[in-house]
Amino acid sequence: MALPDLVTRYAFFTGKGGVGKTSLSCATGLALAEAGRKVLIVSTDPASNLDEVLDTELSSTPTPIRGIDKLFALNIDPEAAAQDYKERMVGPYRGVLPPAAIASMEEQFSGACTVEIAAFDEFAKLLGGPSATKGFDHVIFDTAPTGHTLRLLTLPSAWSEFISSSSGGASCLGPLAGLEKQKALYAATVDHLSNPKMTTVILVSRPEGSALREAERTRGELAELGVTNLRLALNGIIVAKTLGDAIADAMTVRGQAAIAHMPEGLTGLPRSDTPFLPRGTTGLGALRNLISPKSMALHQPLPGAPIELPPGLDALIDDIALQGHGVIMTMGKGGVGKTTIAATIAMSLARLGHQVTLSTTDPAAHVFQAVKEHVPGLDIARIDPEREVANYRDEVLAKAGSGLDAAGLAMLEEDLRSPCTEEIAVFRAFARTVDEGKDRFVVLDTAPTGHTILLLDAAESYHREVLRTQADMPEAVRSLLPRLRDPNFTKTIIVTLAEATPVHEAERLQQDLARAGITPYAWTINQSLLASGTKDPLLAERGQYEKPFIRRVIEELASRTALIAWRQ
Ligand SMILES: Nc1ncnc2c1ncn2[C@@H]1O[C@H](COP(=O)(O)OP(=O)(O)OP(=O)(O)O)[C@@H](O)[C@H]1O
Ligand SMILES: [Mg+2]
């Protein structure tokens, strides 16, 4: 089977960044719709590209997909959901409370937490509420990369538990009363999730060690949540047609080795294998190739207009080293190679004699596997959400708790248990890590796009808080945004692949960064098959397919570009 077979009403496609969640969830939805089922595809990804893959402009309500009956899709837009949520909370008090009180309530609802809970609310309505998806035979969730999804899936129980145990009446999200109504919905959401007759979770992975390890970690965490109806979808499998091409052979051998050594826990799952397609997965035509790859015709790769390929990473590293210290952040879609490039830059700067810290905001924290040898002058770290939450709690309890009586202390401890605390703790750790750039190099491998945008939004709302209240914010938090905006302090490198969605998502990221007043220092195009020199027909066709995207980055999107060939 090229695609997972789906019989339950609800399905989740989850997996490491860039493995093919959106492509496979759309192809599966299309196959079901073509079989006469009425299907709704939902994206919870803050940086969704569903509209691009389905070639239809989407909104936050079900939209019919052009060119196929019975297929609909929608994006859960966290920002819009947060706006609605805020109005739902503040609206009843307008004209009742004085303007200053309304203003402070509004400010309270403009944090990253509200965005998270509001997005979750929308998701719970679709999964837990019967009315929102009435009339659909299947509801397919194209979820964001793993970290974010697990958080989304654990939230129902986190909030249900928080609501039922909270007696204080107030939380960082305002009157609990507003959430009380949701309690039944959250409970239904948890129930539907763990009911094997209602929900299937598809673990999407590429035939690669790190992606398979992440799938196994997700399988384990879902088992703890009582979610057991799982499938494994192996995507982008390459089997060289003719032997003798070094690149194609290396890809084939690597894929087969990864599958042969996949974690034990995955071997028992029903599995589907989807081959690597030379021309990507954007549009219904390409999605139909995913449904029946055998009927796809291979084209002789037409060598388009010659293109002068940009230089490698070395030129960038030499220029960065001149600064002597500062922060370098690699950003981009999941699975494009941010960690590998961050590690390469960090090791090179250390070899040039600089003191370097390599760290990550990505909960998956692959940096430790990316550096395979000891390099003098290089420290490797990570922002560990659990450790940061514990530290932050202790700090707040020590500072604010000392003057409180027992009831006040209990209330504070309750508030610190709210799922938002992790947002704040991770954000502060992020600010401290950037602060280290004052006197050394800090290379930050950031989490996939959606997650990082939320972190930057937090930076902005904190900065507003700094300007508004002059509250006793740590210096690192106070100067975070000015440092991120200072091109002499922070160099942002956008990492992409020479493909449709990675380039468009990187372009949107560049626009989001511009809104935050940040101008990227350079773009890096990674894993280029065109630059690898492969002669394998399938890979060479993909190489030709890269040209328009490389040209667009060089000529329209980047001030500096580095290109890295696909490497064994
Ligand atoms: N079987 C395949 N063959 C060739 N290219 C593929 C295949 N599946 C996906 N791709 C390409 O890989 C890239 C990532 O795919 P996709 O966007 O579906 O992944 P994702 O898991 O949803 O990513 P994200 O974590 O960023 O949401 C896209 O450019 C897509 O065209
Ligand atoms: Mg996706």
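Contact here means heavy atoms within 4.5 Å. With that set, I looked at the chain: among contacts between residues at least 6 apart in sequence, 77% join residues at least 24 apart.

Notes on the source: this is a predicted model, so I kept in mind that local features need pLDDT of at least 70, that side-chain atom pairs count only at pLDDT 80 or more, and that totals for chains, interfaces and linings use all residues. Residues are numbered from 1 along each chain as its sequence is written, chains are lettered from A and ligands numbered from 1 in the order written, and side-chain values use heavy atoms, leaving out hydrogens and water.

I checked burial next (buried is under 20% relative accessible area, exposed over 50%, partly exposed in between, with a 1.4 Å probe and protein chains only). Of the 568 residues, 56% count as buried.

I counted elements too: 23 helices and 17 strands, taken as DSSP runs numbered from the N terminus (helices H or I, at least four residues; strands E, at least two).

Then I opened helix 16. Its buried residues are P385, E388, V389, Y392, V396 and G401.

Last, I traced the open sheet of 8 strands, order 3-4-2-5-1-8-9-10, mixed pairing; strands pair if DSSP finds at least two bridges between them. Strands 1 and 8 run parallel over 5 bridges, and F12 stands opposite V201 in strand 8.
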